[in-house]
There are 2 protein chains.
Amino acid sequence: MSKIDQTRLQLMDRYWKAANYLTVGQIYLQSNPLLKEPLRPEHIKPRLLGHWGTSPGLSFIYIHLNRLIQDHNVDMIYLAGPGHGGPALLANVYLEGTYSEIYPRVTQDEAGMYHLFRQFSTPGGVPSHVSVPTPGSIHEGGELGYVLSHAFGAAFDNPNLIVTAVVGDGEAETGPLEGAWKSIRFLNPERDGAVLPILHLNGYKISGPTVWGRSSNEEVQSFLSGIGYEVFFVEGDDPMMMHQAFAETLETCYEKIRAYQEDARKNGFHGRPRWPAIVLRTPKGWTGPHEVDNVQIEGTFRAHQVPVSEVKTNAEHLAILENWLRSYHPEENFDERGHLVPELAALAPRGNRRMGANPHANGGKLLTNLVLPDFTQYGIDVKEPGTERHESTRQLGKFMRDIFVRNTQHENFRLFCPDETNSNRLGNVFEVENRCLVEPILPNDDHVSPNGRVMEVLSEHLCEGWLEGYLLTGRHGLFATYESFAMVADSMMIQHGKWLQESLKLPWRRPISSLNILLTSTCWRNDHNGFSHQGPGLIDTILSRKGEVSRIYLPPDANCLLSVADHCFRSRNYVNLIVIDKQPQLQWLTMEEAVEHCTRGLSTWQWASNDEKVEPDIVLACAGDIVTMETIAAAWWLRQHLPELKVRVVNVVDLMTLNPPNLHPHGLDEATFVEHFTEDKPVIFAFHGYQRAIHQIVHGRPNAERFHVRGFNEQGTTTTPFDMVVLNGVSRYHLAMLAMEFAPRVQKLTPPLRQECEDMLNKHESYVQANLQDMPEIQNWVWSNKA
Amino acid sequence: MSKIDQTRLQLMDRYWKAANYLTVGQIYLQSNPLLKEPLRPEHIKPRLLGHWGTSPGLSFIYIHLNRLIQDHNVDMIYLAGPGHGGPALLANVYLEGTYSEIYPRVTQDEAGMYHLFRQFSTPGGVPSHVSVPTPGSIHEGGELGYVLSHAFGAAFDNPNLIVTAVVGDGEAETGPLEGAWKSIRFLNPERDGAVLPILHLNGYKISGPTVWGRSSNEEVQSFLSGIGYEVFFVEGDDPMMMHQAFAETLETCYEKIRAYQEDARKNGFHGRPRWPAIVLRTPKGWTGPHEVDNVQIEGTFRAHQVPVSEVKTNAEHLAILENWLRSYHPEENFDERGHLVPELAALAPRGNRRMGANPHANGGKLLTNLVLPDFTQYGIDVKEPGTERHESTRQLGKFMRDIFVRNTQHENFRLFCPDETNSNRLGNVFEVENRCLVEPILPNDDHVSPNGRVMEVLSEHLCEGWLEGYLLTGRHGLFATYESFAMVADSMMIQHGKWLQESLKLPWRRPISSLNILLTSTCWRNDHNGFSHQGPGLIDTILSRKGEVSRIYLPPDANCLLSVADHCFRSRNYVNLIVIDKQPQLQWLTMEEAVEHCTRGLSTWQWASNDEKVEPDIVLACAGDIVTMETIAAAWWLRQHLPELKVRVVNVVDLMTLNPPNLHPHGLDEATFVEHFTEDKPVIFAFHGYQRAIHQIVHGRPNAERFHVRGFNEQGTTTTPFDMVVLNGVSRYHLAMLAMEFAPRVQKLTPPLRQECEDMLNKHESYVQANLQDMPEIQNWVWSNKA
């Protein structure tokens, strides 16, 4: 390729040396940053931390991308899968100037370089990984596996953006990463941006070889071709030859990407391109010490972290380090005051084209509010509580259908489902949207198109990772999935929550749209699929997040779901978990009541209570749709059979209100908490999830031990809906029995009534034994306020 | 291929029809099982559940495997990735007779067929999935993604076993499945058995097309070849042509497998074979109704579940169903009494060669106890508590080294790590064992061999899935991993726990070795890697499992770790979670004391307490290594500064002892609980994990609100070890302040002492701000009993 002359490549090589110098400096030096003095032990940090092995390759790529951006004015961000190479990325955003703009103390001079080195991986300093504080990053490479799904999420609906995603050969072994290569099957060249994957093979993990590192080029080529890529190999260790080869390859890949896009945008989509992917093979710890104590380091797993470690105590090691540092010629590449020399500084792009300053990597900057239709229009007309059954999530589907319509021009909303949009009763979105697939469409396909924004793929990892990438670049979406199998991706939600929590500390990180997760197909109504499909554990996972970033909603009916969803779509920087089943269910509140209820987070449902003007004997509390029905039924049964028992029903839609306010911003103040739950009356709490979670939440509330909780108790099988609540001891009869057991004022009256409950449960048991459906008494039950 | 003549294939086709008949019968019929009468609405179940789409393909494969087993006396098990095809597998184990042997009520006659149909997916019946009650299964296809990792785990060290693993094209989209194809890179033909993957593409999920289903054969071929497979395609819809083609292909694959194995076993391992894999393309819902109401069903997503649904109310639908059922000729394939006709019954293998009866699929039958060396030999000689630092996990590495040696001849123990054996200080195993990799070995590799039994792959999913498959087939192992990233595979542990819980109900399922998980590199000592590496959430996940199958151990030192590990290796049917850090840490107990401590589960550490002969003012409790050190330091500080405060120190190694006994079999009876924690004295509890988990565990204990818990509170960054406990409020000074705050008897004395604690914390803060290491007072702290 003739465009890039040798002079420029030689300058780029010097820039790379400068970046490598800063990388090694971060790992080792606590003073003498420009090596103006001979290196002495006291210049060395007391504890050596950081990962050298992957760093030179990451910098090599960065510098070549800078060149591409300069030459073609490319809108590009860089996702470093090998996040351990933090010092390399820090070096590059420092060299291009973005770091100092955000962190003014770290100036582009000797004093700033001192801070850059000193802060790295030290107490009170910066993490050793690419992470939230790193300018230009939307991807923390701590928990490996997601760099490609994040990259594709960022590229969706960003037609001019190219996301370069570096996949380390450790990460390349993870399942989520291997499953993410196929994201090109969902990437439309007409509408979306592009992802340029660079599989950076240096052959080793911490201590062993890697599968792809040890594979032949033919195998890697065959593997990636099968997924749909055109594969370009660049391999070697001679810097100048590698510069030449990589620059040419990058140019080729860029031309191909733009040609595919131009073609599709000019002629319309007519087939999936063979997108380019680069396989870059370089030695691990490239340009570092080749040998230490007669053992090979460069090119082996021993270069993974700190390649020469006795530098404080071993003069020979210190000399190796000094030679290594000086091999990068700091005196040539930085001036006397520590400024990068002008001919090198000229190699970085300018302004927002610098990858550390690209606004896509600080997505809040680009965020447009969703245009939301009035959610109350999708409400169900509830004339009397608990008398009609509707599929609540179907109303949400209609709401989202119109969200798609209202935001068509912004192209900033997507729905992500592991193959269940219809099954989850969200199918009204297909009136206006399609499933996305960039493959041939067949006549029997149902709403499938390369232009669709309903992302159905049977991979929770992909759905979650794509959505995270989409949100982090300033867009909106919802992940709707099976409650039980949401756990497949729960570690990703944890990491996203950590990202959000960290970003709150950084004013320059602008707020992004919340991660909205809808769990439907819940444990209580997976009576047909059985035990493996029954697990409400994600609630516990989200509960462990900090209050600043976590929200859990358990709307009991359609109108509450709409109110909650509207709130979640408007919110920023949260992980919002919404749990509601998809099956037809009794509806309780008018829209007006629902809005008020959801605004409060919990309410006493007076119409279901009989404690007017008196302190109740007992509080029946509930959180979750199915257990709400059981609670209302229990209250109704008690009112019929034991009207002298004063029962208050409290429904909780925002679980976090139960937390003490010092633990969660939604936590009710104590007076309001007591207003609903009383100071000391027994509370029978029917909970959607694992029952003991409530105990951890209400700890610290007045007389917390009076909370007697029933919930999912890991009892399940293929059975009937009602049997599910019976097996877990949260049926209406169980709740009524508990109420009678814990209400001292009426205990003498209750033995025959408790026997009546037992009889009903026995009758139910005989139905199950006979393989019959639920008792008609249960199936047809409706609430009557007149009882 | 000439071996299988047409007559036999025709018989096999009839057998397949019989299996399909039983499959449809299970989905639809509640009576008239042999269709002796014309089909009427009342013969139809009230609620139609089950998945037809994948079922005929699963049966097709089963029947051809039967043929292979018969002809070659193959030792084979069958893992059905599309677990929704439960009725197909049930049909086949019923036809071969294993089902009736295990469930005598379901006899091989008309009455038994009635039960078979009736019980399917009905209350009190059997799940719609392949699952624990299904004979011959070690794999529940509910949570998709693990069929290949389970299959390879089963094949490791089982040289004569062939595991056929069917991958549905839905599951083929998941990350864990895509990451599991490469398991052949760890499968040694000389030592291990074989896995025959069958990618069964029928093109659709519930409602949309699939990525691999829509890919060309060239792409699929290229993809699988790149991983290392030789790919065989069988595709079509004409049954007799497909029988011929599939039988030939199966024969070819079998010959190749045996040839590779014989070669390696005769000539020694000399390179990874190109293992065969089959891609089977058949229509979804093959042989079912082609069209219903003028809409195509067979070959489309509409065949996924119940292809014709109005059969109870729509006469035309009923006729379609009847024609469909009769197309399988029940009257020819079953005799008048419902017995399979002899010429078909003769097609099933005999005895334990029947896949439903193969003992590998009921691994407890083949389980040999591990030969365990005396763990006390690996103990650390602790002369005085808290005076020496050792890496506790290093002692476990030595113990495991000798477990490898003692069990060499049984070949039934493996260690699974995502690339961290050395880093986790378990490296002594490399004195006798190697990392496994079936690729070329290079001179710089460190203990890498195709014969290794240390399974290092950077995939928590693979490690966990392989180990599950290994355990379910009757072997032993340990999964050692980063605490934070263990969450990547937590949904798998949940599903394995569910499997164990279900298996306890089935006396014919023999106990298997426990799933042992070692979490090291814990949150408290990931001060260098930062926030993404800090997360103790797996404790919460395991806490949500039923007490019958879950155990959580937090050994405070090496001797306790050894005692716990020995117990875990001997145990059966549990998920054992062991949490301890790998860094040098203070040692507390002699081996004798450790054994007693671990046997009790928790103890009062008298040597750290000063409450002899009196009721203490306060209890300092702790669970977890780092927080134990902080607690002992707090007790020591208090004894020095405030000797009149009577402090009791209780250490908890078995977390489940805190549970009320009705919730966990390890739960202490109330008297013992009170003996340690008193009836009503404040308890300051320092916990390794998320602090509020303790509240859910101790709920129901006397005066549970007196438990003031500090633990990991989701505060982390790159900092010092001591700063981690400070940030989360669980440092020795925080604990001492809490003790003084909650002990009323001494409150007047304490303000100056509390100020002293504050001063120390401020001093620490200034160290962190100065980017310094920990204060020397902390770094060098040791316990002195004489204070």
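1. At roughly what angle do the axes of helix 1 and helix 10 of chain B cross, and within what distance do they come? The model is predicted. In it, the axes of helix 1 (residues 6-28) and helix 10 (residues 315-326) of chain B come within 9 Å. They cross at roughly 150 degrees.

2. Angles over 145 degrees count as roughly antiparallel. Helix 1 of chain B and helix 10 of chain B are therefore roughly antiparallel to each other.

3. Which residues make this contact? Helix 1 of chain B supplies Tyr21(B), Val24(B), Gly25(B) and Tyr28(B). From helix 10 of chain B come Leu321(B), Trp324(B) and Leu325(B). By class, six of the contact residues are nonpolar, one is polar and none is charged. Gly counts as polar in this scheme.

4. Asp402(B) lies in helix 13 of chain B, which spans residues 392-406. Its side chain forms a polar contact of 2.5 Å with the side chain of Tyr378(B). Leaving aside residues up to four places away in sequence, Asp402(B) touches Pro373(B) and Tyr378(B).

5. Next, the relation between the chains. What rotation superposes chain A on chain B? A rotation of 180 degrees does, with 0.0 Å of shift along its axis and an RMSD of 0.0 Å. The two copies are thus related as by a two-fold rotation axis. The same surface serves both copies. Of the contact residues of chain A, 99% recur in chain B.

Note on methods
Residues numbered from 1 in each chain as written. Chains lettered and ligands numbered in written order. Predicted model: local features only at pLDDT ≥ 70, side-chain atom pairs only at ≥ 80, totals over all residues. Heavy atoms only, no water. Helix = DSSP H or I, 4+ residues; strand = E, 2+ residues; numbered from the N terminus. Polar contact = N/O pair within 3.5 Å; in protein donor to acceptor, adjacent residues only side chain to side chain. Contact = heavy atoms within 4.5 Å. Least-squares fit on C-alpha atoms with pLDDT ≥ 70 in both. Axes fitted to C-alpha atoms, helices over the stretch in contact; angles between N-to-C directions. Parallel < 35°, antiparallel > 145°, perpendicular 65-115°, else oblique.
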